[in-house]
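Here are my notes for someone opening this model for the first time. Have a look at the fold, then read along.

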Amino acid sequence: MRRSIRTSYGVTDLRQSITKDLDNAKAAGYEAVELCVMGGEGLRGWADRLSSEDLDFIRRECDRTGIRITSLSSDWVWNYGTEQRPLSDWDEGVAGLAKDAELARLLGATYILCHFGTSHGEWEDGKKILARAGDAAAGEGVRFGFEASLFRRSGLGEFDDLLRMLDELDHPAVGAYDHCHYPKMGKPAHVQVEQIGPRLCGYHSSLLTPETTDYNKLFDALEAVGYEGDWVFEVEWQHAEEQCRLLQQLMANRK
């Protein structure tokens, strides 16, 4: 697995921010970054203002540093998918997800984290959103992964219910994106990965917790389901280098 870290661009000077984060990621030992598409001005914030020249600049900086953008995160959904917006009123949101799929292809990313924010609605409305977003992703050659821990915020159920929706949907470009929150919530990390199976699109990690997570079992589970994505740290930059080093040690010590 590649070692990746989430980065966020809600700033005025996009190019300066991109350069700084790619340099920081390289210095901390990472191989890739997850680019967060932040909300704000317009539906997708800074991403709606990207020019072809900006895209060329980002690709050149990736080539210069050797750091790839391998995943995106549709974080603008927190501003869009609020409790006041039902899942039946997501046409603009689906269009935004389609733009994220296009951006992923243009930047060389292969998967995108998505969710419904805190929008509530009917089961079939949620499925329709994912089906339409999945069609857009398939057209761009990328995949959407619904962050499993966030499904409950839509009022449609818990972890097992998300898997049931994915089973009903049965879309090749839509899967699950997991993040271990055990024992605070959810199931042990390796159990969730085993249940998601080949539908696993991406994997998030907060600060590593060897005291509560059996990483040998987790690595075995990721291998068993054929996961080919990244290990994406969602941590502050002050912890980036130490966490990257600890992950490498855990993987090297794998039994």
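**Notes on the model**

1. Let's begin with a residue on the outside: D170 counts as exposed, at 65% relative accessibility. Here exposed means over 50% relative accessible area, buried means under 20%, and partly exposed is in between (1.4 Å probe, protein chains only). D170 sits in the loop between α6 and β6. D170 also has a positive phi of about 50°, although it is not a glycine. Most residues other than glycine have a negative phi, and most peptide bonds are trans.

2. Before going further, a word on what you are looking at. This is a predicted model, where local features need pLDDT of at least 70, side-chain atom pairs count only at pLDDT 80 or more, and totals for chains, interfaces and linings use all residues. Residues are numbered from 1 along each chain as its sequence is written, and side-chain values use heavy atoms, with hydrogens and water left out.

3. Now the overall fold. The protein chain has 9 helices and 8 strands; these are DSSP runs numbered from the N terminus, with helices being H or I of at least four residues and strands E of at least two. The C-alpha trace spans about 45 × 45 × 30 Å along its principal axes. The radius of gyration is 18 Å, which agrees with the value near 18 Å for a compact globule of 255 residues. That rule is 2.2 Å times the number of residues to the power 0.38, and the radius is taken over C-alpha atoms.

4. How much of the chain is buried? Of the 255 residues, 52% count as buried. The accessible surface comes to about 11400 Å², and 46% of that belongs to carbon and sulfur atoms. These areas come from the Shrake-Rupley method with a 1.4 Å probe; for residues, only the protein chains shown count as cover.

5. On charge, the protein chain has 29 positive and 43 negative side chains, and the centres of the two sets lie 3 Å apart. Lys and Arg count as positive, Asp and Glu as negative, while His and the chain ends are not counted. Each charge is placed at NZ of Lys, CZ of Arg, CG of Asp or CD of Glu.

6. The inside is worth a look. The largest nonpolar core has 80 residues, and I69, L103, F116, Y203 and W231 have the most contacts inside it. Such a core is a set of buried Ala, Val, Leu, Ile, Met, Phe, Trp, Tyr and Cys residues joined through side-chain atoms within 4.5 Å. Leaving out residues up to four places away in sequence, I69 touches V33, L35, I58, C62, L107, G108 and A109. Contact here means heavy atoms within 4.5 Å.

7. Take Y30, in the loop between α1 (14-27) and β2 (32-36). Y30 counts as buried at 4% relative accessibility, and beyond its neighbours within four places its contacts include R3, I67, F233 and C244. Y30 and G66 are 36 residues apart in sequence and 9.8 Å apart in space, C-alpha to C-alpha.

8. F151 is another buried loop residue, at 0% relative accessibility, in the stretch between β5 (143-147) and α6 (159-169). Setting aside neighbours within four places, its contacts include F116, W123, L162 and M165. F116 is also among the residues with the most contacts inside the largest nonpolar core.

9. Next, a pair of helix residues. L218 lies in helix α8 (residues 215-224) and is buried, with a relative accessible area of 1%. L218 and Q192 are 26 residues apart in sequence and 9.3 Å apart in space, C-alpha to C-alpha.

10. Finally, two prolines. The peptide bond from Y182 to P183 is cis, with omega near 5°, and P183 lies in the loop between β6 (174-179) and α7. P210 is in the loop between β7 (200-205) and α8, and counts as partly exposed at 42% relative accessibility.
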